[in-house]
Amino acid sequence: MGLLLVLAVAGLIAWGYQLSEGLIVTNMRNPFIWGLYIATFAFLVGTAAGGLIVASAVYLLNIKKLKPLAPLASLTAFVFVLGAMAMVLPDLGRPERIYNLILHPNFTSMLVWDFIVLVTYAILSLIHVYVGWRAYAARLRGLPEAEIARIEGESFRLGRMLAPISLPFAVLIHTVTAWIFAVNAGRPWWFGGYLAPSFIAAALVSGSAVVILTSLLIYGFREDLRQSYNTMAKFLGISIAVLLFLVYQDYVVRLWWGGEEHAILSILFTRLWPTTIIGELVLLLVAFAIIAKFRTATGITVGSVLALIGVYAHRYNLMDPAYNVIIHKELLPGGSEIVVPIVLGDMKHDLWLYTSWPYIPSIVEFTITIGWLAGIALVLYVLAKLLFGRR
């Protein structure tokens, strides 16, 4: 907790420095307007969606083996959706003007609909947390077993009533996030119907992994929860397999078409190979192998951590290939095309017109992002301990 607190404070200090100096302290520029912050936002939204999908499925499908983990799954969804909304703030040059989103919404913008879905999702997650907490509170108060059983039955009925509403919203929250990218028709890396199903698959991986890790941290690898962990590990393994299939088939299709699509892949497999080959492909494969082979506490923990890193790398790879395929072109009289450079927006450089930008997050971006993630982990741990950690 002390380490997480130090990292969170460092992130706030770095954000204060960014607010005073402007977004120029990041490595984002006019050719590259979304970077580590938005990649992290997409990762957090997916993790939140995955958490509530697990909790809703428990109630809707009556998965008895996962019932002990459902309350924590709801809590992870609530904390991560709040963290995702907070993650947008560092990406804004003037975050104090965010109130205009509420006072003057532009309903033709997908961002407005994403905000509406996120807020609704946070409310639904909070209700799910309350439903799951009631039985724990009854035990802590020392109520008779008959009363506890009555409250548990009532809570389960409430959960089943909420599940048909919350499960579609859990899917919708990440679908709308995917559409924010996919409706940018000028970005060939994003354009198309592939993003939404891949976003859902990534959400199931990261959400399941966080539920497993939080449960292990709060409850430990208890014998009475072994079946719950085994079921969650199977669910995580299947989700990884689905995500890998979607990723590989997308790469194969793009490689087949060549041309501009091939240029995108060359960025991924030459300049971004640490996040693509190692982070996105190898780590997810290793995580799948570990989850499939080892069902011990260590095996499930390591597999979940590797899966989280793999999904985060997958989210980061959204950005660079999209922004480094410049779309501003002019048709010359002879029929040939030329790429029109973009104004860099930084007069400190000798060249101020660029056709690409070698984006690597600055130390300020790294510090703010790590601080935000540490703050989310700290809040999740404290709330989980307070609400569900006492017996």
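Analyst: Begin with one definition. A salt bridge is a side-chain nitrogen of Lys or Arg within 4 Å of a carboxyl oxygen of Asp or Glu. Keep in mind that this is a predicted model. Here, R29 and D346 form such a pair, with N and O 3.2 Å apart.

User: Which parts of the chain does the pair of R29 and D346 link?

Analyst: Distant parts. R29 sits in the loop between α1 and α2. D346 sits in the loop between β3 and β4. The two residues are 317 residues apart.

User: Are R29 and D346 buried or exposed?

Analyst: Use the cut-off: buried means under 20% relative accessible area. R29 has 11%, so R29 counts as buried. D346 has 4%, so D346 counts as buried too.

User: How many salt bridges does a search of the whole structure find?

Analyst: The search finds ten. Take E223 and R226 as another case: their closest N and O atoms are 3.3 Å apart. The exposed class starts over 50%, and partly exposed lies between the two cut-offs. E223 is at 58%, so E223 counts as exposed. R226 is at 31%, so R226 counts as partly exposed.

User: What is the distance between the closest N and O atoms of R271 and D320?

Analyst: It is 2.3 Å in this salt bridge. R271 belongs to helix α9 and D320 to helix α12, so the pair ties together parts 49 residues apart in sequence. Now check the cover. R271 is partly exposed, at 36% relative accessibility. D320 is buried, at 0%.

User: Which residues do salt bridges with shared partners join into one network?

Analyst: Four names to find: R134, E147, R150 and E154.

User: Next, the surface. Which residues make the nonpolar surface patch?

Analyst: A patch takes residues with over 30% relative accessible area and no salt bridge. Here F269, W273, I277, I278, V282 and V286 make a nonpolar patch of about 460 Å². Helix α10, residues 273-293, gives the largest share, with five residues. F269 comes from helix α9, residues 260-271. F269 has 31% relative accessibility and counts as partly exposed.

User: Now a residue inside. What is S239 in contact with, beyond its neighbours within four places in sequence?

Analyst: Contact means heavy atoms within 4.5 Å. With those neighbours set aside, S239 touches A201, L204 and V205. S239 itself lies in helix α8, residues 226-257. Its relative accessible area is 5%, so S239 is buried.

User: Let me zoom out. How many helices and strands are there in the protein chain?

Analyst: Count 13 helices and four strands. The radius of gyration is 22 Å, close to the 21 Å that the globule rule gives for 391 residues, so the chain is as compact as a globular protein of that length. Its C-alpha atoms fill a box of roughly 85 × 45 × 40 Å along the principal axes. Of the residues, 50% count as buried. Now take contacts between residues at least 6 apart in sequence: 78% of them join residues at least 24 apart.

User: Where is confidence lowest and where is it highest?

Analyst: Read the pLDDT, which is the predictor's confidence in each residue, from 0 to 100. Strand β1, residues 329-331, is lowest, with a mean of 72. Helix α1, residues 2-21, is highest, at 96. The chain averages 88, and 98% of the residues score at least 70.

Note on methods. Residues are numbered from 1 along each chain as its sequence is written. This is a predicted model: local features need pLDDT of at least 70, side-chain atom pairs count only at pLDDT 80 or more; totals for chains, interfaces and linings use all residues. Side-chain values use heavy atoms; hydrogens and water are left out. Patches are made of residues with over 30% relative accessible area and no salt bridge: like charges are joined within 9 Å, nonpolar side chains (Val, Leu, Ile, Met, Phe, Trp, Tyr) within 5 Å. Accessible areas come from the Shrake-Rupley method with a 1.4 Å probe; for residues, only the protein chains shown count as cover. Buried means under 20% relative accessible area, exposed over 50%, partly exposed in between (1.4 Å probe, protein chains only). The radius of gyration is taken over C-alpha atoms; the globule rule is 2.2 Å times the number of residues to the power 0.38.
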